[in-house]
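Reader: I have a sequence and a 3D structure to look at. Please take me through them by question and answer.

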Amino acid sequence: MAIQLTTLGYVHTVISVLALIPGFASLFSHGIITPQTKSGKLYILLTVLACLSAFPIMKSGHPSPGHFLGILILIILPLAYYARSIKLFGQKGLYAQVILLTTTLYFSLVPAFSETLTRVPLGHPYATSPDDPAMKPVLLSLTIVFLAVVTYQIFKLRGQRSKLHSL
């Protein structure tokens, strides 16, 4: 028994997984995803391609919540990329950039978990659909991890700023 995906579904899945690699690598090595690094740039590029490749995929014949997350990601990415120079953010541009990029990773993981858990284990998937009640604790856990990571990033950035101001 194999996972049933179209060719575009496989291509989208590969691109999506590849996007997560530099995103997580940047998080684990720097504590943040930033467009100033190679891993940050690669994450952004692959995430854009993942979102764009998802739009033609419609299991139910109409857009799903995953499509709307893709649209949100495509709106957030340029805001995050330019956050440091957007006057609205002022001196909090770095914070906005970090939080927005981490949010795009979180938004990418929601459909990744939902789609994966409706397909595996093969023959007896964890959930019957993304709306299955079994998904609630998974998505809640993912949200808690996201909030913990963002909280850590904010404290880390504050610590770096405090060190810079004390010099």
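Reader: How much space lies in the second largest pocket?

Author: This is a predicted model, and the figure is computed from its atoms. The space in the second largest pocket comes to about 230 Å³.

Reader: Which residues are closest to the centre of the second largest pocket?

Author: The second largest pocket is lined by 14 residues. By class, 11 of these are nonpolar, 3 are polar and none is charged. Closest to the centre are F24, L27, L105, V145 and V149.

Reader: Which helix gives the most to the lining of the second largest pocket?

Author: At least two lining residues come from each of α1, α4 and α5 (135-166). The one that gives the most, with 6 residues, is α5.

Reader: What volume does the largest pocket have?

Author: The lining of the largest pocket has 46 residues, and H12, G66, P111, A112 and E115 lie nearest its centre. The volume of this pocket is about 1300 Å³.

Reader: Which helix gives the most to the lining of the largest pocket?

Author: Each of α1 (7-30), α2 (38-54), α3 (65-82) and α4 (93-117) supplies at least two residues of that lining. By class, the lining has 24 nonpolar, 18 polar and 4 charged residues. With 9 residues, the helix that gives the most is α4.

Reader: How many helices and how many strands are there in the protein?

Author: From the N terminus on, the elements run α-α-α-α-α. The C-alpha trace spans about 60 × 30 × 25 Å along its principal axes. The count is 5 helices and 0 strands.

Reader: Are α2 and α3 roughly parallel or roughly antiparallel to each other?

Author: Two packed helices are described by the angle between their axes and the distance between the axes. For α2 and α3 the angle is about 150°, and the axes are 9 Å apart. Angles over 145 degrees count as roughly antiparallel. The pair α2 and α3 is therefore roughly antiparallel.

Reader: Which residues of α3 make the contact with α2?

Author: The crossing of α2 and α3 is left-handed. On the α2 side, the contact is made by I44, T47, V48, C51, L52 and A54. By class, the contact of α2 with α3 has 9 nonpolar, 3 polar and no charged residues. On the α3 side, the residues are H67, G70, I73, L74, L77 and Y81.

Reader: Is α1 roughly parallel or roughly antiparallel to α2?

Author: The axes of α1 and α2 come within 8 Å, and they cross at roughly 155°. An angle over 145 degrees counts as roughly antiparallel. So α1, relative to α2, is roughly antiparallel.

Reader: Which residues in α2 does α1 meet?

Author: The crossing in which α1 passes α2 is left-handed. From α1, the residues in the contact are L8, H12, I15, S16, L18, A19, P22, G23 and S26. The contact of α1 with α2 divides into 11 nonpolar, 7 polar and no charged residues.

Reader: Which residues of α4 make the contact with α2?

Author: α2 passes α4 in a left-handed crossing. Y43, I44 and T47 are the residues of α2 in this contact. By class, the contact of α2 with α4 has 4 nonpolar, 3 polar and no charged residues. The residues of α4 are L101, T104, L105 and S108.

Reader: What is the omega of the peptide bond from V120 to P121?

Author: Most peptide bonds are trans. The bond from V120 to P121 is cis, and P121 has its place in the loop between α4 and α5. Its omega is near -5°.

Note on methods: Residues are numbered from 1 along each chain as its sequence is written. This is a predicted model: local features need pLDDT of at least 70, side-chain atom pairs count only at pLDDT 80 or more; totals for chains, interfaces and linings use all residues. Side-chain values use heavy atoms; hydrogens and water are left out. On a 1 Å grid over the protein atoms alone, a cavity is a set of points where a 1.4 Å probe fits but cannot get out, and a pocket is an open set with protein on both sides within 12 Å along at least five of seven lines; lining residues have an atom within 4 Å of a point. Grid points are joined across faces, edges and corners, and a volume is the space filled by probe spheres set on the points. Helices (H or I, at least four residues) and strands (E, at least two) are DSSP runs, numbered from the N terminus. Ala, Val, Leu, Ile, Met, Phe, Trp, Tyr, Cys and Pro count as nonpolar, Asp, Glu, Lys and Arg as charged, and the others, Gly among them, as polar. Axes are lines fitted to C-alpha atoms, for helices over the stretch in contact, and angles run from 0 to 180 degrees between N-to-C directions. Angles under 35 degrees count as roughly parallel, over 145 as roughly antiparallel, 65 to 115 as roughly perpendicular and the rest as oblique. A crossing is left-handed if the near helix is turned anticlockwise from the far one by less than a right angle, and right-handed if clockwise. Contact means heavy atoms within 4.5 Å.
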